[in-house]
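User: Can you walk me through the aromatic rings here? I'm new to this.
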Amino acid sequence: MITVFGEGRGFRVIWLLEEMGLAYRLRPVDLLAGVEEDAEFLAVNPAGFIPAIQDGDVTMVESIAIMEYLMARYGPTPLAPGPHDPAFPAYQQFLHLGEAGLAASIYFVVGARNFAPEAERQNWSAGQALEVFESRLTLVTRQLARSPYLAGEMFTAADISVTYALELARRSGGVSPGEAERAYMARTSGRDAYKRAMQTCQATTAWLAGAPGQ
Ligand SMILES: N[C@@H](CCC(=O)N[C@@H](CS)C(=O)NCC(=O)O)C(=O)O
């Protein structure tokens, strides 16, 4: 049984597990309450961030690396086109752009906007992070003008990666996605596996619904 520690970007992992039909359990981690007292979680990830997974003897962090591990270990799966598939380069690029370009930058905008002291909400670094997010987003927009999904005609794990980043930006980053991105998010979040993942991830469901403190 695979254990996923924490929602946040752990939603990507749970969505992938649902797409692949693998058994798992979610072990909640409450970042807002603080993890200092959560000895079980800190034993898994002493750095204290989520998500982490345990799968038998395997312990891992980093949501994109975890998805790659799960698809390699329990695949093959059409969620991960192979290296000789024409979809592979775009798949690889957007799988990583979803975190390294999009979520990682908007995360600090979200922090500044929602948690920083009033005087620091518009600080220079938050502005730079927003500019980075917006510039990387142009690559998503261009790709969506060419194909319904980021790797082409088929839904892949790259769409899980990027959809999470777009939801973070829309819900908590003050970003208004354009028409193409909104239609894309409706397409990806319309999937049954996404809906099942959302039923598991109660904190994510509440956050998307706009509950205070999420
Ligand atoms: N690149 C990492 C980012 C992990 C991350 O920053 N997670 C956030 C929540 S989604 C977190 O735990 N923040 C608290 C912290 O970094 O201490 C991933 O994709 O898993």
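Analyst: First, a term. A charge sits over a ring if NZ of Lys or CZ of Arg is within 6 Å of the ring centre and within 35 degrees of the ring normal. Here, the charged end of Arg-9 sits over the ring of Tyr-107, 4.8 Å from its centre. The charged end of Arg-191 sits over the ring of Phe-155, at 3.7 Å from the centre.

User: What kind of model is this, and how are residues numbered?
Analyst: It is a predicted model: local features need pLDDT of at least 70, side-chain atom pairs count only at pLDDT 80 or more, and totals for chains, interfaces and linings use all residues. Residues are numbered from 1 along each chain as its sequence is written, and side-chain values use heavy atoms, leaving out hydrogens and water.

User: How many aromatic pairs does the search find?
Analyst: The whole structure has 8 aromatic pairs. Rings of Phe, Tyr and Trp (its six-membered ring) pair if their centres lie within 6.5 Å; planes under 30 degrees apart count as stacked, over 60 as edge-to-face and the rest as tilted.

User: Why is the pair of Phe-11 and Tyr-194 edge-to-face?
Analyst: Their planes are at 75°, so the pair is edge-to-face, with centres 5.3 Å apart.

User: Are those two buried or exposed?
Analyst: Phe-11 is buried, with a relative accessible area of 1%. Tyr-194 is buried too, at 7%. Buried means under 20% relative accessible area, exposed over 50%, partly exposed in between (1.4 Å probe, protein chains only).

User: Which residues form the aromatic cluster?
Analyst: Phe-11, Trp-15, Tyr-149, Phe-155 and Tyr-194 form one cluster.
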